[in-house]
Amino acid sequence: MKATRHGEHLVQLSRLGVSNAYLVREDDGLTLVDTSLTGSAKGILAAARDQGAPIRRIAITHAHADHTGSLDALHDAVPDAEVLVGERDARFLAGDRSLDPGEPQGRIFGPFYERVRTRPTRTLRPGDRAGSLEAIAAPGHTPGQLAFLDNRDGTLLCGDAYLALGGVFVTTQPVARFPFPALLGTWHKPTAHETALRLRALDPTRLATGHGRVVDAPGPAMDAALAAAPRS
Ligand SMILES: [Zn+2]
(Lines give C-alpha, C1' and ligand atoms only; values in the text may rest on other atoms or scores of the structure.)
Protein backbone atom coordinates (compact mmCIF):
# COMPACT_ATOMS: atom_id res chain seq x y z
CA MET A 1 0.00 0.00 0.00
CA LYS A 2 1.69 3.16 -1.18
CA ALA A 3 0.86 6.27 0.86
CA THR A 4 1.10 9.72 -0.75
CA ARG A 5 0.26 13.00 0.95
CA HIS A 6 -1.74 15.60 -1.01
CA GLY A 7 -2.14 18.95 0.70
CA GLU A 8 -2.81 19.29 4.41
CA HIS A 9 -5.52 16.70 5.01
CA LEU A 10 -5.41 13.95 2.38
CA VAL A 11 -3.30 10.79 2.20
CA GLN A 12 -3.83 8.58 -0.84
CA LEU A 13 -3.39 4.84 -0.25
CA SER A 14 -2.81 3.10 -3.55
CA ARG A 15 -2.90 -0.66 -4.00
CA LEU A 16 -1.16 -2.06 -7.07
CA GLY A 17 -1.13 1.44 -8.52
CA VAL A 18 -4.82 1.29 -9.48
CA SER A 19 -7.13 0.92 -6.51
CA ASN A 20 -7.37 3.79 -4.03
CA ALA A 21 -8.48 4.33 -0.47
CA TYR A 22 -7.89 7.61 1.38
CA LEU A 23 -7.05 8.76 4.88
CA VAL A 24 -8.45 12.19 5.72
CA ARG A 25 -6.96 14.03 8.70
CA GLU A 26 -9.40 15.38 11.26
CA ASP A 27 -8.88 17.02 14.65
CA ASP A 28 -9.93 13.78 16.36
CA GLY A 29 -7.96 11.36 14.17
CA LEU A 30 -8.54 9.93 10.71
CA THR A 31 -11.46 9.24 8.41
CA LEU A 32 -10.81 6.33 6.06
CA VAL A 33 -12.68 6.70 2.76
CA ASP A 34 -13.14 3.28 1.13
CA THR A 35 -11.27 0.12 2.09
CA SER A 36 -9.83 -1.07 -1.25
CA LEU A 37 -9.67 -4.70 -2.32
CA THR A 38 -9.81 -7.62 0.03
CA GLY A 39 -6.43 -8.14 1.74
CA SER A 40 -5.75 -4.41 2.19
CA ALA A 41 -6.48 -4.06 5.92
CA LYS A 42 -2.90 -4.60 7.10
CA GLY A 43 -1.51 -2.00 4.73
CA ILE A 44 -4.22 0.52 5.60
CA LEU A 45 -3.69 0.05 9.34
CA ALA A 46 0.08 0.45 8.90
CA ALA A 47 -0.48 3.66 6.94
CA ALA A 48 -2.77 4.99 9.69
CA ARG A 49 -0.08 4.16 12.28
CA ASP A 50 2.45 6.09 10.21
CA GLN A 51 0.10 9.09 10.41
CA GLY A 52 0.17 8.72 14.20
CA ALA A 53 -3.60 8.95 14.53
CA PRO A 54 -6.46 6.52 15.09
CA ILE A 55 -9.09 5.70 12.46
CA ARG A 56 -12.25 7.26 13.90
CA ARG A 57 -14.59 6.59 11.00
CA ILE A 58 -14.80 4.54 7.83
CA ALA A 59 -16.86 6.08 5.02
CA ILE A 60 -17.76 4.14 1.88
CA THR A 61 -18.40 5.80 -1.50
CA HIS A 62 -20.17 2.86 -3.10
CA ALA A 63 -20.90 -0.83 -2.74
CA HIS A 64 -18.38 -2.26 -5.22
CA ALA A 65 -16.02 -4.94 -3.92
CA ASP A 66 -12.85 -3.00 -4.79
CA HIS A 67 -14.03 -0.31 -2.34
CA THR A 68 -15.54 -2.52 0.36
CA GLY A 69 -13.25 -5.58 0.11
CA SER A 70 -11.42 -4.92 3.39
CA LEU A 71 -14.33 -3.41 5.33
CA ASP A 72 -14.98 -6.49 7.48
CA ALA A 73 -11.30 -6.93 8.36
CA LEU A 74 -10.93 -3.23 9.22
CA HIS A 75 -14.10 -3.21 11.28
CA ASP A 76 -12.71 -6.19 13.22
CA ALA A 77 -9.43 -4.32 13.76
CA VAL A 78 -10.99 -0.96 14.76
CA PRO A 79 -14.44 -1.93 16.06
CA ASP A 80 -15.04 1.48 17.66
CA ALA A 81 -14.73 3.38 14.37
CA GLU A 82 -18.01 4.64 12.93
CA VAL A 83 -19.03 2.90 9.70
CA LEU A 84 -20.76 5.35 7.33
CA VAL A 85 -22.45 4.11 4.18
CA GLY A 86 -24.95 5.81 1.86
CA GLU A 87 -28.50 4.80 2.61
CA ARG A 88 -29.10 3.30 -0.85
CA ASP A 89 -25.87 1.37 -1.32
CA ALA A 90 -26.06 -0.01 2.24
CA ARG A 91 -28.71 -2.36 0.89
CA PHE A 92 -26.22 -3.88 -1.54
CA LEU A 93 -23.72 -4.47 1.27
CA ALA A 94 -26.42 -6.39 3.13
CA GLY A 95 -26.89 -8.64 0.07
CA ASP A 96 -29.99 -7.05 -1.49
CA ARG A 97 -29.26 -6.41 -5.18
CA SER A 98 -32.80 -5.46 -6.12
CA LEU A 99 -33.68 -2.19 -7.84
CA ASP A 100 -36.73 -0.22 -6.80
CA PRO A 101 -39.56 0.15 -9.33
CA GLY A 102 -38.95 3.90 -9.59
CA GLU A 103 -35.25 3.53 -10.35
CA PRO A 104 -33.74 3.21 -13.84
CA GLN A 105 -33.46 -0.52 -14.46
CA GLY A 106 -29.75 -0.43 -15.25
CA ARG A 107 -27.17 -3.16 -14.97
CA ILE A 108 -26.27 -4.54 -11.55
CA PHE A 109 -23.24 -6.71 -12.34
CA GLY A 110 -23.36 -9.28 -9.54
CA PRO A 111 -19.66 -10.08 -9.05
CA PHE A 112 -18.92 -6.40 -8.32
CA TYR A 113 -21.35 -6.31 -5.38
CA GLU A 114 -20.02 -8.32 -2.48
CA ARG A 115 -22.10 -8.85 0.61
CA VAL A 116 -20.27 -7.82 3.79
CA ARG A 117 -20.86 -8.73 7.41
CA THR A 118 -20.27 -5.22 8.77
CA ARG A 119 -23.36 -3.06 9.19
CA PRO A 120 -23.18 0.72 9.06
CA THR A 121 -23.33 2.48 12.40
CA ARG A 122 -24.98 5.35 10.50
CA THR A 123 -26.34 5.60 6.97
CA LEU A 124 -25.69 8.81 5.06
CA ARG A 125 -27.87 10.98 2.89
CA PRO A 126 -26.59 13.78 0.69
CA GLY A 127 -25.79 16.76 2.92
CA ASP A 128 -24.83 14.61 5.91
CA ARG A 129 -21.35 14.94 7.38
CA ALA A 130 -18.57 12.48 8.00
CA GLY A 131 -16.15 14.60 10.00
CA SER A 132 -15.19 17.50 7.72
CA LEU A 133 -16.55 15.69 4.69
CA GLU A 134 -19.94 16.51 3.24
CA ALA A 135 -21.76 13.67 1.50
CA ILE A 136 -22.71 14.59 -2.08
CA ALA A 137 -25.16 12.56 -4.19
CA ALA A 138 -23.19 10.87 -7.00
CA PRO A 139 -25.46 8.16 -8.42
CA GLY A 140 -24.96 6.49 -11.78
CA HIS A 141 -21.94 4.27 -11.29
CA THR A 142 -24.07 2.62 -8.59
CA PRO A 143 -27.62 3.67 -7.61
CA GLY A 144 -26.47 5.27 -4.35
CA GLN A 145 -22.86 6.30 -4.83
CA LEU A 146 -21.75 9.22 -2.64
CA ALA A 147 -18.90 11.62 -3.22
CA PHE A 148 -17.31 13.43 -0.28
CA LEU A 149 -16.35 17.10 -0.36
CA ASP A 150 -13.79 18.34 2.14
CA ASN A 151 -15.17 21.78 2.88
CA ARG A 152 -11.87 22.91 4.42
CA ASP A 153 -9.97 22.94 1.13
CA GLY A 154 -12.30 21.91 -1.70
CA THR A 155 -10.90 18.39 -2.17
CA LEU A 156 -13.52 16.13 -3.78
CA LEU A 157 -13.33 12.39 -3.18
CA CYS A 158 -15.55 11.25 -6.01
CA GLY A 159 -15.58 7.46 -5.79
CA ASP A 160 -15.81 6.13 -9.34
CA ALA A 161 -17.74 9.08 -10.81
CA TYR A 162 -14.44 9.97 -12.49
CA LEU A 163 -11.35 7.82 -13.01
CA ALA A 164 -7.80 9.16 -13.28
CA LEU A 165 -5.76 6.44 -14.94
CA GLY A 166 -3.50 8.19 -17.40
CA GLY A 167 -5.99 10.96 -18.12
CA VAL A 168 -9.21 11.83 -16.31
CA PHE A 169 -12.33 10.00 -17.51
CA VAL A 170 -16.00 9.85 -16.68
CA THR A 171 -16.80 6.30 -15.69
CA THR A 172 -19.26 5.94 -18.59
CA GLN A 173 -16.29 5.80 -20.94
CA PRO A 174 -14.62 2.45 -21.63
CA VAL A 175 -10.96 3.36 -21.22
CA ALA A 176 -8.57 0.85 -22.75
CA ARG A 177 -6.37 0.48 -19.70
CA PHE A 178 -9.28 0.08 -17.30
CA PRO A 179 -12.44 -0.80 -19.26
CA PHE A 180 -14.36 -2.77 -16.65
CA PRO A 181 -15.93 0.07 -14.64
CA ALA A 182 -17.69 1.42 -17.72
CA LEU A 183 -18.41 -1.81 -19.53
CA LEU A 184 -19.65 -3.85 -16.61
CA GLY A 185 -19.61 -1.83 -13.43
CA THR A 186 -21.61 1.29 -14.20
CA TRP A 187 -25.29 0.93 -13.44
CA HIS A 188 -26.86 3.76 -15.48
CA LYS A 189 -24.81 5.91 -17.84
CA PRO A 190 -27.17 8.91 -18.28
CA THR A 191 -27.36 9.27 -14.49
CA ALA A 192 -23.58 8.89 -14.24
CA HIS A 193 -23.13 11.65 -16.81
CA GLU A 194 -25.47 13.99 -14.94
CA THR A 195 -23.51 13.31 -11.77
CA ALA A 196 -20.21 14.04 -13.51
CA LEU A 197 -21.62 17.42 -14.62
CA ARG A 198 -22.86 18.24 -11.11
CA LEU A 199 -19.52 17.34 -9.53
CA ARG A 200 -17.71 19.54 -12.05
CA ALA A 201 -19.99 22.43 -11.07
CA LEU A 202 -18.70 22.13 -7.49
CA ASP A 203 -15.38 23.39 -8.90
CA PRO A 204 -13.18 21.20 -6.68
CA THR A 205 -9.59 22.23 -6.03
CA ARG A 206 -8.43 18.59 -6.02
CA LEU A 207 -9.98 15.41 -7.40
CA ALA A 208 -9.39 12.12 -5.60
CA THR A 209 -10.88 9.22 -7.57
CA GLY A 210 -11.27 5.53 -6.82
CA HIS A 211 -8.69 4.57 -9.42
CA GLY A 212 -5.56 6.37 -10.56
CA ARG A 213 -3.72 9.50 -9.50
CA VAL A 214 -4.92 12.47 -7.46
CA VAL A 215 -5.39 15.54 -9.67
CA ASP A 216 -4.85 19.10 -8.43
CA ALA A 217 -6.80 21.93 -10.12
CA PRO A 218 -8.84 19.31 -12.01
CA GLY A 219 -11.32 21.67 -13.73
CA PRO A 220 -9.83 21.55 -17.26
CA ALA A 221 -9.29 17.77 -17.05
CA MET A 222 -12.90 17.27 -15.90
CA ASP A 223 -14.12 19.48 -18.78
CA ALA A 224 -12.14 17.41 -21.28
CA ALA A 225 -13.48 14.18 -19.74
CA LEU A 226 -17.06 15.46 -20.00
CA ALA A 227 -16.55 16.52 -23.62
CA ALA A 228 -15.27 13.05 -24.51
CA ALA A 229 -17.82 11.06 -22.51
CA PRO A 230 -20.66 9.17 -24.17
CA ARG A 231 -24.00 10.24 -22.77
CA SER A 232 -25.86 6.96 -23.04
ZN1 LIG B 1 -16.99 1.01 -8.67
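**Figure 1. Surroundings of glycine 69 in the predicted model.** Apart from residues up to four places away in sequence, glycine 69 touches Thr35, Ser36, Leu37, Thr38, Ser40 and Glu114. The model shown here and in the following views is predicted. Glycine 69 is located in the loop that links α2 (65-68) to α3. Because 23 C-beta neighbours lie inside 10 Å, glycine 69 counts as buried. Arginine 206 is 137 residues away from glycine 69 along the chain, and the C-alpha atoms of the two are separated by 25 Å.

**Figure 2. Helix α1 and its two faces.** Helix α1 spans residues 41-51, and Ala41, Ile44, Ala47 and Ala48 are buried within it. Viewed down the axis of α1, these buried residues fall within an arc of 130 degrees, and therefore they line one face of the helix. On the face turned away from the buried side are the exposed residues Ala46, Arg49 and Asp50. The packing partners of the buried residues of α1 are the strands β1 (2-6), β2 (10-15), β3 (19-26), β4 (29-33) and β5 (55-60), together with helix α3 (71-77). Glycine 52 follows α1 and has a positive phi, near 70 degrees.

**Figure 3. Aspartate 34 in the loop between β4 and α1.** Aspartate 34 is placed in the loop that runs between β4 and α1. Its phi is near 70 degrees, a positive value in a residue other than glycine. Most residues other than glycine have a negative phi. Aspartate 34 is buried, because 28 other C-beta atoms lie within 10 Å.

**Figure 4. The seven-stranded sheet.** Seven strands make up an open sheet of mixed pairing, in the order β1-β2-β3-β4-β5-β6-β7. At its edges are β1 and β7 (122-124), each of which pairs on one side only. From one strand to the next, the twist averages 25 degrees. Strands β1 and β2 run antiparallel and are joined by five bridges. In this pairing, histidine 6 stands opposite leucine 10 of β2. Strands of a sheet pair through backbone hydrogen bonds, in either the parallel or the antiparallel sense.

Figure 5. Six strands form an open sheet with mixed pairing, and their order is β8-β9-β10-β11-β14-β15. The edge strands β8 (129-130) and β15 (215-216) each pair on one side only. Two bridges connect β8 with strand β9 (residues 133-137) in the antiparallel sense, and arginine 129 stands opposite glutamate 134 in β9. These two strands form a hairpin with two residues between them, and glycine 131 in the turn has a positive phi of about 60 degrees. On the next pairing, β9 and strand β10 (residues 146-150) are antiparallel over five bridges. Leucine 146 in β10 is the bridge partner of alanine 137.

**Figure 6. Alanine 147 and the largest nonpolar core.** The largest nonpolar core holds 60 residues, of which Tyr22, Leu23, Ile58, Ala147, Phe148, Cys158 and Tyr162 touch the most other members. With neighbours within four places in sequence left aside, alanine 147 is in contact with Thr61, Ile136, Ala138, Leu156, Leu157, Cys158, Gly159, Ala161 and Leu199. In soluble globular proteins, nonpolar side chains tend to be buried together.

**Figure 7. Alanine 217 in the loop between β15 and α7.** Alanine 217 lies in the loop that joins β15 to α7 (219-228). Although alanine 217 is not a glycine, its phi is positive, at about 45 degrees. Alanine 217 is exposed, because 10 other C-beta atoms lie within 10 Å.

**Figure 8. The chain as a whole, for orientation of the close-up views.** The chain contains seven helices and 15 strands. Its radius of gyration is 16 Å, close to the 17 Å that the globule rule gives for 232 residues, so the chain is as compact as a globular protein of that length. Taken along the principal axes, the box filled by the C-alpha atoms is roughly 45 × 40 × 30 Å. Of the 232 residues, 50% count as buried. Among contacts between residues at least 6 apart in sequence, 62% join residues at least 24 apart.

How values were computed:
Residues are numbered from 1 along each chain as its sequence is written. This is a predicted model: local features need pLDDT of at least 70, side-chain atom pairs count only at pLDDT 80 or more; totals for chains, interfaces and linings use all residues. A residue is buried if 20 or more other C-beta atoms lie within 10 Å of its own, exposed if 12 or fewer, and partly exposed in between; C-beta atoms are placed from the backbone. Helices (H or I, at least four residues) and strands (E, at least two) are DSSP runs, numbered from the N terminus. The arc is that of the directions from the helix axis to the C-beta atoms. Two residues are in contact if their C-beta atoms, placed from the backbone, lie within 7 Å. The radius of gyration is taken over C-alpha atoms; the globule rule is 2.2 Å times the number of residues to the power 0.38. Two strands pair if DSSP finds at least two bridges between them. Axes are lines fitted to C-alpha atoms, for helices over the stretch in contact, and angles run from 0 to 180 degrees between N-to-C directions. A nonpolar core is a set of buried Ala, Val, Leu, Ile, Met, Phe, Trp, Tyr and Cys residues joined through C-beta atoms within 7 Å.
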